[in-house]
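Please find below a few notes for a first reading of this structure.

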Amino acid sequence: MDKFVKLTGVAAPLPVVNIDTDMIIPKDYLKTIKRTGLGTGLFAEARYNEDGSENPDFVLNKPAYRDAKILVAGDNFGCGSSREHAPWALLDFGIRCVISTSFADIFYNNCFQNGILPIKLPQAEVDKLMDDAKHGQNARITIDLAKQEITRPDGEVIKFEIDAHKKHCLLNGLDNIGLTLEKKSKIDSFESKQHGTQPWLYAQSGR
């Protein structure tokens, strides 16, 4: 998983409440278990017309936001089903951070497992960033995870809170597998000791 340390990029405004995972990535795209290639399906029902052409009114189709790295969204982002394809699609498009007043719990945790930083802020702070994002390519926001700071285009700094363990994982690019591998030496040591004291366990497992 790619590390998240410091990010500077264009922020796209999506002032819609209760954006669910089906809107983020429609069910037609759930046939794959690959994490790549889903960016084309991100917000597909809003992003494309019935004939498959792009909807020019959708924010991510506008020239200023095609390379957006940050999404400033309405309340309760990521509600609905628990599909992990939702953060996969965001990441594949290039979104590394989503800012909102609240997130659905499963989506929120899935973000951290996939290298995306979800930031919860009070409504007043989200409103400021939403206004910034509406300025298109001039809406370049910097997010410093180590300092837990968001720097607005005008230089104002907004602090945000984050769980210390989740912060550690993002800064070091660690998903659950990576966390386990950090303890590999202890696991190997434990297994070698168990092999000597309880060999029947290994005989049954074929080891």
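1. The model is predicted. Its largest nonpolar core has 54 residues, and those touching the most other members are Phe43, Phe77, Leu90, Leu117 and Ile143. Two or more residues of this core come from each of β1 (6–14), β2 (70–73), α3 (85–93), β3 (97–100), α4 (105–113), β4 (117–120), α5 (123–133) and β5. Nonpolar side chains tend to be buried together in soluble globular proteins.

2. Take Ile143 from that list. Apart from its neighbours within four places in sequence, Ile143 is in contact with Phe4, Val5, Lys6, Leu7, Ile70, Cys97, Ile99, Leu117, Ile119, Glu149, Ile150 and Phe160. One of these, Leu117, is also among the core residues that touch the most other members.

3. Helix α5 has Val126, Leu129, Met130, Asp132 and Ala133 as buried residues. They line one face of the helix, because they fall within an arc of 155° when seen down the axis of α5. The strands they pack against are β1, β2, β3, β5, β6 (149–151) and β7 (157–159).

4. Strand β5 covers residues 140–144 and includes Thr142. Is Thr142 buried or exposed? Its relative accessibility is 18%, so Thr142 counts as buried, the limit being under 20%.

5. Which residues does Thr142 contact, leaving aside its neighbours within four places in sequence? They are Lys6, Leu7, Thr8, Glu149, Ile150 and Thr151. With Thr8 there is also a polar contact of 2.8 Å between the two side chains.

How values were computed:
Residues are numbered from 1 along each chain as its sequence is written. This is a predicted model: local features need pLDDT of at least 70, side-chain atom pairs count only at pLDDT 80 or more; totals for chains, interfaces and linings use all residues. Side-chain values use heavy atoms; hydrogens and water are left out. Helices (H or I, at least four residues) and strands (E, at least two) are DSSP runs, numbered from the N terminus. Buried means under 20% relative accessible area, exposed over 50%, partly exposed in between (1.4 Å probe, protein chains only). A polar contact is a pair of N or O atoms within 3.5 Å; within protein, one must be able to donate a hydrogen and the other to accept it, and residues adjacent in sequence count only if both atoms are side-chain atoms. Contact means heavy atoms within 4.5 Å. A nonpolar core is a set of buried Ala, Val, Leu, Ile, Met, Phe, Trp, Tyr and Cys residues joined through side-chain atoms within 4.5 Å. The arc is that of the directions from the helix axis to the C-beta atoms.
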